[in-house]
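Me: I am new to this structure and would like to understand the words used for it. Could you take my questions one at a time?

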Amino acid sequence: MAKKRKPTTKKAQTKSSQVEAATPEGTSLNAPEKTYFSEILIAFFTAFIIIIVRMHSYERPMQQFYWSGGESQLSDFFSYFKMVAILVCGILALLVILYRITTATLYIKKSFAYIPMLIYAIFVILSYVFSDYKEFSLYGYNDRFEGTLVLLCYMVMLFFVINSIHNERSVKWLIYPLGVASALLGLLGLSQGLGRDFFQTDIGKKLITPRYFWEHIDSLNFTFQNKEIYQTVYNINYVSFYLTLLIPLFGMLFIREKKLAKKIVWGLLFALLVYNLIGSKSSGGLAGMFVAVLIAVIVLNRKLLDWKKSVLILIVITIAIGGITFDRWFSELSGAFNSMITTSSAMEGKSEKEGPAPGSVRPHIDYFETLDDAVHLSLNGEELRINITRLDDGTAEGIILKDKEDNPLPLRPIEDKSTFSIEDERFRPYATITYASSEEQYYVLVNTVNMQWAFAITDDGMYYSNQLGNLVKLEKIPSMGWENNQGFGSGRGYIWSRTLPMIKDTILLGHGADTYCIYFRHKDYAGKYNADWEINKIVDKPHNMYMGMAIGTGLISMLSLLVLWAIYIIQSIKLYFRTEFDSYISFVGAGIFFGICGFLVAGLVNDSSVSVMPMFYGLLGTGIAINMMLNSEYKNV
């Protein structure tokens with residue numbers, strides 16, 4: 001009996017070793033060959049969530065915020081149902097994982113990704129637990145809906161993708177749907193770029209609104225300017241943001257393809273997406289693409305010479321589209337360049353003219369500060385103190401102006417008895433002072449060019465009355481950097497300078513996912529005035545993916561993802577330097593890698609959103625899985 005069993009055992013061992021040699025690192029011999037449901041789920045998450053556009057009405061407790069008009073009934077088109085789809089995908093992925101556990105068919109690949117993913121998820125949850133605004137943190141802020149549940153679903157789907165992509169067939173199950181979705185989005189963007197926006201037609205409007213709204217369909221108009229390409233992603237910046245993922249991928253597929261018909265298809269898709277990238281007029285996306293191409297040239301090196309005909313065709317396509325869209329990209333890049341080099345002095349408001357009219361020169365307002373019986377402000381570096389004098393019964397009697405050293409500043413009436421000039425050359429050209437009253441409420445008005453600052457005199461002290469009629473206590477707002485270039489990057493200099501000091505409060509835990517808008521210091525009216533912004537403009541996102549993470553879920557959570565991405569990039573650079581590019585998945589893996597690099601660079605000036613992140617995490621998971629397969633092949637060789 002022993003002699004009969006021995007050959008059987010040996011034969012089984014030999015077969016086992018052969019199968020192991022053909023499987024990716026960390027996969028099991030019994031990994032399922034047919035996983036259609038998983039592949040469909042991954043394709044939907046990565047390729048089709050971005051397409052969802054649908055009107056949704058919802059209610060939020062906005063009256064609690066001094067910077068809000070108090071409108072609690074809101075509507076959304078571009079984010080809410082994307083959030084719902086992400087949550088559905090995450091739940092289904094968990095059910096599939098649970099099913100695999102119960103049927104003993106769950107095979108977890110060995111991956112560097114799990115530890116930083118777990119750390120990130122833990123800090124996302126903790127930031128929610130300790131958040132003061134749990135409703136916003138759980139579901140996300142208005143029009144964004146990228147809350148705690150969505151961020152956790154990103155990690156679930158990333159894990160699911162890594163452990164569901166096993167071979168070339170499963171990769172193609174993602175790439176072809178991605179090509180179809182990209183073509184649809186590209187054609188939609190083309191219609192918008194040509195001034196024939198599909199969403200502004202009756203059919204388009206009815207497609208994205210519920211039936212009860214159709215009788216008001218003519219009132220539906222988006223605020224996008226004519227010929228702006230916004231596709232289905234809410235913000236024109238997000239168009240170029242996600243296209244940095246796709247253009248390198250489809251470019252690599254074009255290079256690989258030998259069949260003429262398929263090569264034409266990939267080439268047309270590449271051209272369509274390049275048009276949308278340039279047409280979206282976002283310099284952040286162009287910068288991301290530049291870095292992606294630069295890394296591709298460095299990594300591919302001499303291999304580009306072997307593909308010179310295909311590479312030349314891609315270059316010609318890009319140049320041709322660049323020529324057609326010259327008016328779009330040239331104005332955008334020149335504007336971005338000017339914003340980088342334009343500087344302004346903190347003393348820019350001063351006038352060299354002799355004897356300008358009182359309050360006729362625009363000042364730089366360093367800060368406002370409201371105290372119990374005083375308002376302190378600084379104009380061009382000179383502090384001005386407006387002190388309230390009161391009678392014995394506490395009633396306001398008048399005001400006295402002083403400088404920083406408590407020297408009295410004389411006032412002189414102008415125009416009428418209620419408006420006064422400040423008779424000191426440090427302040428006279430830049431502001432006037434007015435008394436005012438309304439319904440038994442008394443105010444001191446500081447008048448500057450294009451703005452009247454109303455300070456209410458109350459029994460509780462001095463308050464600024466903003467343009468929404470809300471009383472607000474003002475204080476000095478900390479800032480860091482961009483002092484002389486607040487307009488950098490279309491106002492990003494101002495936003496970032498106010499965001500960086502906020503991170504000191506979120507080193508360990510954030511304020512809660514997607515709560516940035518709630519914690520941004522909207523009371524920085526002086527800063528907005530200096531930046532030539534609308535005073536009540538709401539900053540709901542930092543325009544920097546990394547700062548948004550640091551504020552929402554904490555600096556540690558951001559660093560954990562940086563570690564994840566850095567390891568993937570380093571691993572990919574080593575892998576694709578030595579790859580012979582003799583397989584389909586090697587071209588796809590390299591294209592995904594170049595796109596990820598471009599995306600992460602574009603993230604410096606763009607925000608995470610439910611429109612673009614499913615595609616990012618779907619492709620990242622696929623890229624990690626492909627790297628495992630290629631590494632396994634090289635080890636076996």
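Me: Why is aspartate 403 called buried?
Reply: Buried means under 20% relative accessible area, exposed means over 50%, and partly exposed is in between, with a 1.4 Å probe and protein chains only. Aspartate 403 has a relative accessible area of 3%, so aspartate 403 is buried. Please keep in mind that this is a predicted model, in which local features need pLDDT of at least 70 and side-chain atom pairs count only at pLDDT 80 or more, while totals for chains, interfaces and linings use all residues. Residues are numbered from 1 along each chain as its sequence is written, and side-chain values use heavy atoms, with hydrogens and water left out.

Me: What makes arginine 426 and aspartate 403 a salt bridge?
Reply: A salt bridge is a side-chain nitrogen of Lys or Arg within 4 Å of a carboxyl oxygen of Asp or Glu. The side chains of arginine 426 and aspartate 403 meet at 3.0 Å, N to O, and are counted as a salt bridge. Arginine 426 lies in the loop between β9 (416-422) and β10 (432-438), and aspartate 403 in strand β6 (residues 396-403), so the pair ties together parts that are 23 residues apart in sequence; helices (H or I, at least four residues) and strands (E, at least two) are DSSP runs, numbered from the N terminus. Salt bridges that share partners join Glu382, Asp403, Asp424 and Arg426 into one network.

Me: Is arginine 426 buried or partly exposed, and how do you know?
Reply: Arginine 426 has a relative accessible area of 28%, and therefore counts as partly exposed.

Me: How do you know that lysine 172 and glutamate 168 are separated by about one helical turn?
Reply: Lysine 172 and glutamate 168 are four residues apart in helix α7 (residues 168-193), which is why about one helical turn separates them. Their side chains meet in a salt bridge at 3.1 Å, N to O. Lysine 172 counts as partly exposed because its relative accessibility is 26%, and glutamate 168 counts as partly exposed because its value is 35%.

Me: Why is the pair of phenylalanine 599 and phenylalanine 616 called stacked, whereas tyrosine 464 and tyrosine 525 are called tilted?
Reply: The structure holds 45 aromatic pairs. Rings of Phe, Tyr and Trp (its six-membered ring) pair if their centres lie within 6.5 Å, and planes under 30 degrees apart count as stacked, over 60 as edge-to-face and the rest as tilted. Tyrosine 464 and tyrosine 525 lie 5.0 Å centre to centre with 50 degrees between the planes, and form a tilted pair. The rings of phenylalanine 599 and phenylalanine 616 have their centres 4.6 Å apart and their planes at 15 degrees, so that pair is stacked. Phenylalanine 599 lies in helix α20 (residues 584-602) and phenylalanine 616 in helix α21 (residues 613-636), so the pair ties together parts 17 residues apart in sequence.

Me: What makes tyrosine 464 count as buried?
Reply: Tyrosine 464 has 1% relative accessibility, and so counts as buried. Tyrosine 525, with a relative accessible area of 2%, is therefore buried as well.

Me: Why does histidine 522 count as buried?
Reply: Histidine 522 has a relative accessibility of 1%, and therefore counts as buried. Histidine 522 is found in the loop between α16 (516-519) and α17 (525-530).
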